[in-house]
Amino acid sequence: MAALTVIKLVTLLGMLSGLLFGSVMGQNCGCAPNLCCSRFGFCGSDEAYCGMGCQSGPCFGTNPPSTGGGGSVANIVTDGFFNGIINQAAANCAGRGFYTRNAFLEAVKSYPSFASGSDEAAKREVAAFFAQVTHETGHFCHKDEINGASHNYCDPNSAGNPCTPGALYFGRGPIQLTWNFNYGPAGRSIGFDGLNAPETVSNDPIISFKTALWFWTNNVHPVMSQGFGATTRAINGALECNGGNPGTVQTRANYYTSYCNQLGVSPGGNLLC
């Protein structure tokens with residue numbers, strides 16, 4: 001009888017422990033910028049929060065460098081790095097005050113594969129991403145494609161992505177998301193109405209960054225190992241690569257090598273496409 005009671009007690013304690021652990025792991029972080037989101041989803045500033053397993057915020061350098069999805073990214077994309085890019089845009093640019101480091105770090109939490117891998121790989125991917133969006137937006141100056149409203153980016157043959165009358169699918173956001181066949185899937189994945197309200201990308205900075213990271217994760221991240229030139233091909237290869245526009249290809253590569261130098265990592269080979 002005593003043995004049976006002990007077994008029941010151990011079982012009960014195990015169940016309670018599991019429930020407690022599950023509730024801890026289920027917490028969500030919405031920490032202030034100066035606080036860390038711990039591995040268990042709580043906010044704080046000491047070793048327990050900013051040390052091993054830290055998900056976002058000013059994580060300590062002892063944190064594994066390849067966590068991706070916002071942990072190590074916050075250490076790489078410092079205020080100095082981000083502001084060094086956006087501060088080159090004119091003060092009257094629509095992107096000034098819209099694109100922020102906090103919005104980027106919030107968005108990147110939804111994409112754990114971004115900047116994953118080794119420390120070198122993570123820094124190269126950050127450099128590549130910001131090189132491409134720097135070129136696409138003019139140092140985060142533009143939220144919308146210049147003269148975008150004059151273009152009709154509607155493919156009526158895109159299955160499941162019918163063009164809404166009056167909706168315009170011109171380039172928006174850090175990577176200039178374009179066409180109904182991108183707005184539809186991006187909206188469904190992120191959680192906004194891309195086909196009926198594509199302008200959301202220009203109005204919500206977190207969604208704006210998420211569209212860029214959605215496109216990057218699906219189309220660019222898989223070719224990172226092939227060198228920076230492959231990322232340019234994935235984004236605008238039909239117009240720029242194979243001699244299409246060598247000047248812009250070189251400009252993108254120049255941004256990339258500059259950002260790699262800032263982050264202390266070699267750019268690798270295959271910089272052009």
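Modeller: This is a predicted model. A place to start is Phe-104, which touches Val-73, Val-77, Phe-114, Phe-129, Phe-130, Phe-209 and Leu-213, leaving aside residues up to four places away in sequence.

Biologist: What makes these touches count as contacts?

Modeller: A contact needs heavy atoms within 4.5 Å, so each of the residues listed for Phe-104 has to meet that cut-off.

Biologist: Which residues have the most contacts inside the largest nonpolar core?

Modeller: Phe-104, Phe-114, Val-126, Phe-129, Phe-130, Phe-140 and Trp-216 do, in a core of 56 residues. Helices that each supply at least two residues of this core include α5 (101-108), α6 and α9 (205-220).

Biologist: Why is α6 called largely enclosed by the rest of the structure?

Modeller: Buried means under 20% relative accessible area. In α6, 14 of the 19 residues are buried, so the helix is largely enclosed.

Biologist: What lines the largest pocket?

Modeller: Its lining has 18 residues, with Glu-136, Ile-175, Gln-176, Thr-178 and Asn-236 nearest the centre. By class, eight are nonpolar, six polar and four charged. Helix α10 (residues 228-240) gives the most to this lining, with three residues. The space in the largest pocket is about 500 Å³.

Terms used:
Residues are numbered from 1 along each chain as its sequence is written. This is a predicted model: local features need pLDDT of at least 70, side-chain atom pairs count only at pLDDT 80 or more; totals for chains, interfaces and linings use all residues. Side-chain values use heavy atoms; hydrogens and water are left out. On a 1 Å grid over the protein atoms alone, a cavity is a set of points where a 1.4 Å probe fits but cannot get out, and a pocket is an open set with protein on both sides within 12 Å along at least five of seven lines; lining residues have an atom within 4 Å of a point. Grid points are joined across faces, edges and corners, and a volume is the space filled by probe spheres set on the points. Helices (H or I, at least four residues) and strands (E, at least two) are DSSP runs, numbered from the N terminus. Ala, Val, Leu, Ile, Met, Phe, Trp, Tyr, Cys and Pro count as nonpolar, Asp, Glu, Lys and Arg as charged, and the others, Gly among them, as polar. Buried means under 20% relative accessible area, exposed over 50%, partly exposed in between (1.4 Å probe, protein chains only). A nonpolar core is a set of buried Ala, Val, Leu, Ile, Met, Phe, Trp, Tyr and Cys residues joined through side-chain atoms within 4.5 Å.
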